[in-house]
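Subject: Structure for you to look at

Hi,

Here is the structure I promised to pass on. Have it open while you read, and I'll walk you through what turned up.

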Amino acid sequence: MIERTLSIIKPDGVKKSIIGEIISRFEKNGLRISAMKKIWLTKEEAKGFYIVHKERPFYDSLTDFMSEGPIVVMVLEGEQAISKNREIMGATNPANASPGTIRKDFAENVERNIVHGSDSPETAQFEIAYFFSALEIF
């Protein structure tokens, strides 16, 4: 089934200049980029995006981190895009991620873990609409 998912290269990934490497991994695994842009979230925009985590203890540090520098937001499209993207990213905690995944290869820790990906079709729908209008997705 063809799906769409949101992927974010977080500020640590942008700072490490590995945008091309990350995109290459998605494309080599059959995911197509149907929208992409580089932006710098304000703290308020980061809070809005991560509103689902509002009651979690890491909410403040996560939204601080996500607004500390530019990010690259993408809509990935392909067969089973949500699960495929999550497989390519690896476990949220890089210490638990499989060898060859983005997080195992590049992430520092569970908070600075290079990439974000939607975890369900419902989440993907909300997250894509947060960053992209229908006119920006091809």
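Let's begin with a question: what covers the buried residues of α4? The cover includes β1, α1 (11–15), α3 and β3.

Before going further, a word on the ground rules. This is a predicted model, where local features need pLDDT of at least 70 and side-chain atom pairs count only at pLDDT 80 or more, while totals for chains, interfaces and linings use all residues. Residues are numbered from 1 along each chain as its sequence is written, and side-chain values use heavy atoms, with hydrogens and water left out.

**Helix α4**

Helices (H or I, at least four residues) and strands (E, at least two) are DSSP runs, numbered from the N terminus. Helix α4 covers residues 59–66, and its buried residues are Y59, L62, T63, F65 and M66. Down the axis of α4, these buried residues fall within an arc of 160°, so they line one face of the helix. The arc is that of the directions from the helix axis to the C-beta atoms. "Buried" means under 20% relative accessible area, "exposed" over 50%, and "partly exposed" in between (1.4 Å probe, protein chains only).

**D12 and who it touches**

D12 is in helix α1 and counts as buried because its relative accessibility is 4%. Leaving aside neighbours within four places in sequence, D12 is in contact with F65, R112, N113 and I114; contact means heavy atoms within 4.5 Å. D12 and F65 are 53 residues apart along the chain, yet their C-alpha atoms are separated by 8.7 Å.

I114 has something else to show you: a positive phi of about 70°, although it is not a glycine. I114 sits in the loop between α6 (102–106) and β4, and with 0% relative accessibility it counts as buried. Q80 also has a positive phi, near 50°, and is a residue other than glycine. You'll find Q80 in the loop between β3 and α5; its relative accessibility is 38%, so it counts as partly exposed.

**Helix α7**

Which residues of α7 are buried? They are A124, E127, I128 and F131. Looking down the axis of α7, you'd see the buried residues fall within an arc of 100°, so they line one face of the helix. They pack against β1 (2–9), β2 (32–39), α3 (43–49), β3 (71–79), α5 (81–89) and β4 (115–117). The face turned away from the buried side of α7 carries the exposed residues E122, Q125 and A129.

**Rings and a surface patch**

Rings of Phe, Tyr and Trp (its six-membered ring) pair if their centres lie within 6.5 Å; planes under 30 degrees apart count as stacked, over 60 as edge-to-face and the rest as tilted. By this rule the count comes to five aromatic pairs. F49 and Y50 form an edge-to-face pair, 4.8 Å centre to centre with 85° between the planes, and both are buried. F49, Y50, F126, Y130 and F131 form one aromatic cluster.

F126 lies in α7 (residues 121–131) and counts as partly exposed because its relative accessibility is 41%.

Have a look at these when you get a minute!

Cheers
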